[in-house]
Amino acid sequence: MNTTIMLFLVQDGITNGAIYALLGLALVLVFAVTRVILIPQGEFVTYGALTYASLAAGQMPGTAKLALALGIGAFAFDLFEARKALHGRLIVRSFIANVVLPAIVLALTLSLAAQKPPVAVCIVLSLVIVAMIGLYLYRIAFQPLAHTSVLVLLIASVGVHLALQGLGLLFFGAEGQRGPAVLSGAFTAGALRFTGQSITVYAITIAFIVALWLFFGLTLYGKALRATAVNRLGARLAGIRTTLSGQIAFLLASVIGAISGILIVPITTLYYDSGFLIGLKGFVAAIIGGLVSYPLTAVAALVVGTVEAFSSFYASNYKEVIVFMLLIPVLLLRSLAAPAVEEEKD
Amino acid sequence: MSTLLSVTDAHVAYGKVEAVRSVSLEVGTNEIVTIVGANGAGKTTLLSAIMGILPLKGRVAFAGQDLARFDIEDRVAMGLGLVPEHRELFVTMNVEDNLELGAFRIERSKAKASIERVYALFPRLKERRKQLAGTLSGGEQQMLAMGRALMGEPKLLMLDEPSLGLAPIIVADIFRIVTELRAAGVSVLLVEQNAQAALKIADQAYVMELGEFVLSGKASDIAANERVAASYLGFQHEGASVI
């Protein structure tokens, strides 16, 4: 193997790995705060990517309607839960957050979609739409189950994944799509060629990791999220709403998923079901990080990306097999290190 | 003195097993009230239900409001605080972060003053403010748990077995601080197995046995009661039998 090929593969691996790192971090975050293993993370990727690609192509994405429908559902859940103590302020607040907001976004999308809005507008709209979907999904599918076991939450998570994937086929069709590059242009450094897109991937990944680090380390809400992850009862006794923490976690996860999708879709053609496999690779990284460690997850994601790049060069048929086989030695080592796994009690 | 917390005819059950039966109690402002009783009498269950952690049948009113429609977080914001038996600290976070989060529902400007008050009450916490909560000694963890609850500026602080497993010198310190809290205008509902110490500082007392209150009254009267003395205080009046 010559050095140039190796450099290319490493570069490719790091670009992919950066995306997996973002997804892995989101998975760790959601699991730590809500105990949900977020299988639909991949759908956030696809929805973000395909919403962005549709908008850029001048088409109306169905996701904007889904956001409104889920918002109405979330509003109904809010009303039902507070039925014994309904008061005006609660109703108005929930109505604005769950119905008015997605309705405005839907109206905006409808009016802008036909005009092929500029890339920045497409990005912002896609992020807002997917963020709302994530938030309302938490309200509808996970918040009512918040006190149940990890297994029940996992089953709900699989259900949400299947539903979203089916809806994805409905919204975007079976054809793959590509979107415009977020940043065009390229430059070369030695043998390597850096495109604007790959630079954007690195920059956004690093920016997100730093932002998350600052958020968790310095802000009260970030600390409250960590506290909820460490001790749910303790957090409630401090007055921290675990539902609020769950909402923030899902909001962050869906935004991270959508950003990943928007970053990938100019590089690779994405289909309605492509997200699952991409999400799974983030999941491999998160598992290597034990679903708790952020730095370990980020490093593992780079390893996953690099292994993927090399295996797609040398044994492209076995690419996925090799990547997922990474899990086996890791799980083996982990099970040897901590043989007894106790189901947590809440 | 007005009534701050009133519990009327409370029942708490784990499935079909009733752990607390028909219990009524009152805590006034600036008052220390203690519930004493043997292990398994239902004291912790009662506190958890008052806080909203367990469902309670009956009526609980706090500062004039029926608590039924408020969840744990709202009760905290209303000024009800609980320091649970297991402390429930954020063990992987440092002392200062634990305290800061205790003031999650308080205005940020007030939280700064609160933390200084807590450090004045527990100087040890100030010394260890950058240390992880999980690495503190048992006594320090208890102080931190109390400090975190106090950061929320509670009107009523409920303490569940604060002396459990602590060295006598630290227990004395914690009981001294409880009396200081009363002086500072915080009422305390204290659940203790160490009945002797609890009755010494309390104004009112209830004796709990198998889920029910069997005696109640002024703490000094309860402390002098022969039956209580025989059962819980570890000394024997003449003629009383000890099981």
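The model is predicted: local features need pLDDT of at least 70, side-chain atom pairs count only at pLDDT 80 or more, and totals for chains, interfaces and linings use all residues. Residues are numbered from 1 along each chain as its sequence is written, while chains are lettered from A and ligands numbered from 1 in the order in which they are written.

**Stop 1: strand E7 of chain B**

Color residues 156-160 of chain B, strand E7. Helices (H or I, at least four residues) and strands (E, at least two) are DSSP runs, numbered from the N terminus. Strands E6 (residues 80-83) and E7 of chain B run parallel, joined by 4 bridges. Two strands pair if DSSP finds at least two bridges between them. Next, show E8 (residues 187-192) of chain B, which is parallel to E7(B) and joined to it by 5 bridges. There, Leu157(B) has Val188(B) as its bridge partner.

Is E7(B) buried or exposed? 5 of its 5 residues are buried, so the rest of the structure largely encloses this strand. A residue is buried if 20 or more other C-beta atoms lie within 10 Å of its own, exposed if 12 or fewer, and partly exposed in between; C-beta atoms are placed from the backbone. Leu156(B), Met158(B) and Asp160(B) take one side, with Leu157(B) and Leu159(B) on the other. In a regular strand the side chains alternate between the two faces of the sheet.

**Stop 2: the whole sheet**

Zoom out to the open sheet of 6 strands, ordered E6-E7-E8-E3-E9-E10 (chain B), with mixed pairing. Its edge strands are E6 and E10 (212-218) of chain B, each pairing on one side only. Select E3 (residues 32-37) and E9 (residues 204-209) of chain B: they pair in the parallel sense over 5 bridges. Gly37(B) has Met208(B) in E9(B) as its bridge partner.

Angles run from 0 to 180 degrees between N-to-C directions, and axes are lines fitted to C-alpha atoms, for helices over the stretch in contact. Two residues are in contact if their C-beta atoms, placed from the backbone, lie within 7 Å.

**Stop 3: a second sheet**

Stay in chain B. Here 4 strands form an open sheet, E2-E1-E4-E5, with antiparallel pairing. Its edge strands are E2 (17-28) and E5 (65-66) of chain B. Pick out Val7(B), which stands opposite Val60(B) in E4(B).

**Stop 4: where the chains touch**

How many residues does each chain give to the contact? Chain A gives 17 residues and chain B gives 21 residues. On the chain A side, the largest share, 6 residues, comes from H8(A).

Select H8 (residues 220-230) of chain A and H3 (residues 95-102) of chain B; their axes come within 10 Å and cross at roughly 100°. That makes H8(A) roughly perpendicular to H3(B), a term for angles of 65 to 115 degrees. Leu220(A), Lys223(A), Ala224(A) and Ala227(A) in H8(A) meet Asp97(B), Glu100(B) and Leu101(B) in H3(B).

**Last stop: Ala26 of chain A**

Center on Ala26(A). Leaving aside neighbours within four places in sequence, Ala26(A) is in contact with Gln41(A), Leu252(A), Ala253(A), Ile256(A) and Gly257(A).

Terms used. Parallel < 35°, antiparallel > 145°, perpendicular 65-115°, else oblique.
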